[in-house]
Amino acid sequence: MQPTPDFSAPKLAKSLLRRRREGALATLMEKDGAPYCSLVNLASHPDGSPLLLISRLAIHTRNVLADPRVSLMLDERSAGDPLEGARIMLLGKVVAARPDELPLWRRRYLAAHPGAEGYIDFADFSLFKIESSGLHLVAGFGRILDLSPDRYLTDLTGAGALLEVEASAVEHINADHPDTMKLYATQLLGAGEADWRCTGIDPEGLDLQCERATLRLDFPSRVENSVALRDMLKRMADIARKTE
């Protein structure tokens, strides 16, 4: 398969990882290794890895605690025949958050699923990340291939300064610039008028959400600190206004 001007396999895989808020998680049964599949809610780590909030009372949680190997299916949920839409199957293992990672994972998950605020701190719930070893993409006839993690995960090297200000930047954007978020959504991404809010920022782009609808705004160039982020957001707003 060769890329075409309107199709990029890594870009599509990245978009699905950033936009999907639920997926089918396949685990191995604790007792006999039989396959077990369940529906789970998802958020994304700044590098694009899926984040899970799951209860230790659930079978799939007991499974991954015994054997962390999993696969995760995500699809576009497009209208019509679901088999005509793009989908990815991610391979990897589940890892628990270290104490120093927990604030970031918690914030990113709650940004995607605000309703989880009511139970995220329950004793039986824990946050996990899927560390992937590869994915299988199916995006139509002649567009079936495998990708290595370096092609669909975001390299965070050198972006520590951006990650340090992400929480405050997201809060500021949503509080003071909601009209700009709507402008991005409607003029740059072709979405309808709605109360779009920012849920996350990473070196390659910005995530938008309104209830269960999600959008991904890719930056034309990499951003690694607050100054570059401010310049990029202004640049994208200027482009959006020119399309009105």
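Which residues are buried in helix H2 (residues 59-66)? In this predicted model, the buried positions of helix H2 are His60, Thr61, Asn63 and Val64. Because these residues cover an arc of only 160° around the axis, they lie on the same side of H2. An α-helix has 3.6 residues a turn, so residues three or four places apart point the same way.

| Strand packed against by the buried residues of H2 | Residues |
|---|---|
| E1 | 22-28 |
| E2 | 35-41 |
| E4 | 50-55 |
| E5 | 69-75 |
| E6 | 87-96 |
| E7 | 125-138 |

Turning to the protein chain as a whole, there are 6 helices and 11 strands, and buried residues make up 47% of its 244 residues. The radius of gyration of the protein chain is 18 Å, which agrees with the value near 18 Å that a compact globule of 244 residues would have, while the C-alpha trace spans about 60 × 45 × 35 Å along its principal axes. Among the contacts in the protein chain with a separation of 6 or more, 62% are accounted for by residues 24 or more positions apart.

As for the surface, the protein chain exposes about 12,300 Å², of which carbon and sulfur atoms supply 54%.

Methods. Residues numbered from 1 in each chain as written. Predicted model: local features only at pLDDT ≥ 70, side-chain atom pairs only at ≥ 80, totals over all residues. Heavy atoms only, no water. Helix = DSSP H or I, 4+ residues; strand = E, 2+ residues; numbered from the N terminus. Rg over C-alpha atoms; globule rule 2.2 N^0.38 Å. Buried < 20%, exposed > 50% of the residue type's maximum accessible area, 1.4 Å probe, protein only. Contact = heavy atoms within 4.5 Å. Areas by Shrake-Rupley, 256 points an atom, 1.4 Å probe, with all protein chains shown as cover. Arc of directions from axis to C-beta.
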